[in-house]
Amino acid sequence: MKIIIHGTGTMSSILKNVIETEKDLEVSGFADDLTNEKGDIIIDFSHFSRIPNMLNFAVNNNIPIVICTTGYDDKILSQIKEASSKIPILLSSNTSIGINLMNDLVSKMAENLNGFDIEIIETHHNKKVDSPSGTAKTLFNAINQTLENKMNLINGREGNHKRDKNEIGMHSIRGGSVVGEHRVIFYGDDESIEIKHSAMSKKIFVYGAIKAAKFLIGKKPNLYGMKDVLS
């Protein structure tokens with residue numbers, strides 16, 4: 001499988017190094033701006049501002065994409081959805097197998113722990129740009145969908161007011177070289193339950209992205225997620 005890597009930052013470099021150790025994989029492109037690269041699939045670890053141009057390139061050349069970039073707004077998300085009607089696209093804020101299992105776990109917990117207060121805490125290295133993380137937003141969405149989209153997202157806390165029963169607090173911590181840590185805590189009367197995922201290496205995201213790429217080859221145009229890969 002010939003892989004075009006979109007982006008030349010840290011994650012893209014790790015992906016390139018891993019691919020070069022795999023016999024059945026080949027790097028056929030490594031660039032921030034795609035022009036005339038040839039390949040079977042694009043894996044995107046770039047900056048969200050580069051997504052629109054990548055989509056145009058992929059659609060024009062009929063190349064499927066695994067999008068791992070986060071930080072995009074609703075306008076870019078709409079462009080991704082539109083492009084997925086023409087080519088297969090897999091969109092994931094976190095390609096870690098563990099995090100995607102965590103999404104299912106917190107959904108099931110939210111369904112069964114009626115009346116529990118929920119807080120999400122995410123921690124990343126001091127060079128991460130977007131806040132809160134795309135993964136934290138995905139965890140919130142998984143819980144909120146289970147609760148019929150009745151929950152309000154509160155980023156941080158300040159002021160003098162009590163907690164509303166229909167809110168989920170989101171807290172971001174930035175420091176040092178932390179790869180990524182996500183905690184979802186359910187607080188009830190006299191008890192609490194916490195689900196935590198810690199990434200020890202960025203390679204877990206790379207291996208997940210490669211797994212997603214292998215899944216996407218040969219698929220029909222549509223918008224896929226890691227849940228489709230793991231089902």
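Glu194 is partly exposed, with a relative accessible area of 38%, in this predicted model. Its partner in a salt bridge is Arg183, and the closest N and O atoms of the two are 2.7 Å apart. The pair links distant parts of the chain, since Arg183 belongs to strand E9 and Glu194 to strand E10, eleven residues apart. Arg183 is likewise classed as partly exposed, at 24% relative accessibility.

**Salt bridges**

- Twelve salt bridges are found in a search of the whole structure.
- Lys196 and Glu181 form one by their side chains, with 3.6 Å from N to O. Because Lys196 lies in strand E10 and Glu181 in strand E9, this pair ties together parts that are 15 residues apart in sequence.
- Another salt bridge joins Glu20 to Lys16, where the closest N and O atoms are 2.9 Å apart. Glu20 is exposed, with a relative accessible area of 52%, whereas Lys16 is partly exposed, at 25%.

**Helix H4**

- Helix H4 covers residues 97-112, which makes 16 residues. From its first C-alpha to its last, H4 reaches 23 Å, close to the 22 Å expected.
- The N-terminal end of H4 is capped by Ser96, of which a side-chain oxygen lies 3.2 Å from the backbone nitrogen of Gly98.
- The buried residues of H4 are Ile99, Asn100, Met102, Asn103, Val106, Ser107, Met109 and Ala110.
- In an α-helix there are 3.6 residues a turn, so residues three or four places apart point the same way.
- Helix H5 (134-146), strand E9 (180-188), strand E10 (191-199) and helix H7 (226-230) are the elements against which the buried residues of H4 pack.

**Annotated binding site**

- An unreviewed UniProt entry lists Cys68, Thr69, Thr70, Ser92, Ser93, Asn94 and Thr95 under "binding site". These residues are spread over 28 residues of sequence, yet they cluster in space, with a largest C-alpha distance of 11.7 Å.
- Thr70 is located in the loop between strand E4 (65-67) and helix H3 (74-83). Thr70 counts as buried because its relative accessible area is 18%, under the 20% limit.
- Beyond its neighbours within four places in sequence, Thr70 is in contact with Phe48, Ser93, Lys128, Asp130 and Gly134. With Asp130, the contact includes a polar one between the two side chains, at 3.1 Å.
- Ser93 occupies the loop between strand E5 (88-91) and H4, and is partly exposed at 23% relative accessible area.
- Apart from residues up to four places away in sequence, Ser93 touches Thr70, Gly134, Thr135 and Thr138. The side chain of Ser93 reaches the backbone oxygen of Gly134 at 3.4 Å.

Methods:
Residues numbered from 1 in each chain as written. Predicted model: local features only at pLDDT ≥ 70, side-chain atom pairs only at ≥ 80, totals over all residues. Heavy atoms only, no water. Helix = DSSP H or I, 4+ residues; strand = E, 2+ residues; numbered from the N terminus. Expected span 1.5 Å × (residues − 1). Buried < 20%, exposed > 50% of the residue type's maximum accessible area, 1.4 Å probe, protein only. Contact = heavy atoms within 4.5 Å. Polar contact = N/O pair within 3.5 Å; in protein donor to acceptor, adjacent residues only side chain to side chain. Salt bridge = Lys/Arg side-chain N within 4 Å of Asp/Glu carboxyl O. UniProt positions renumbered as here; feature names shortened; annotations may be inferred.
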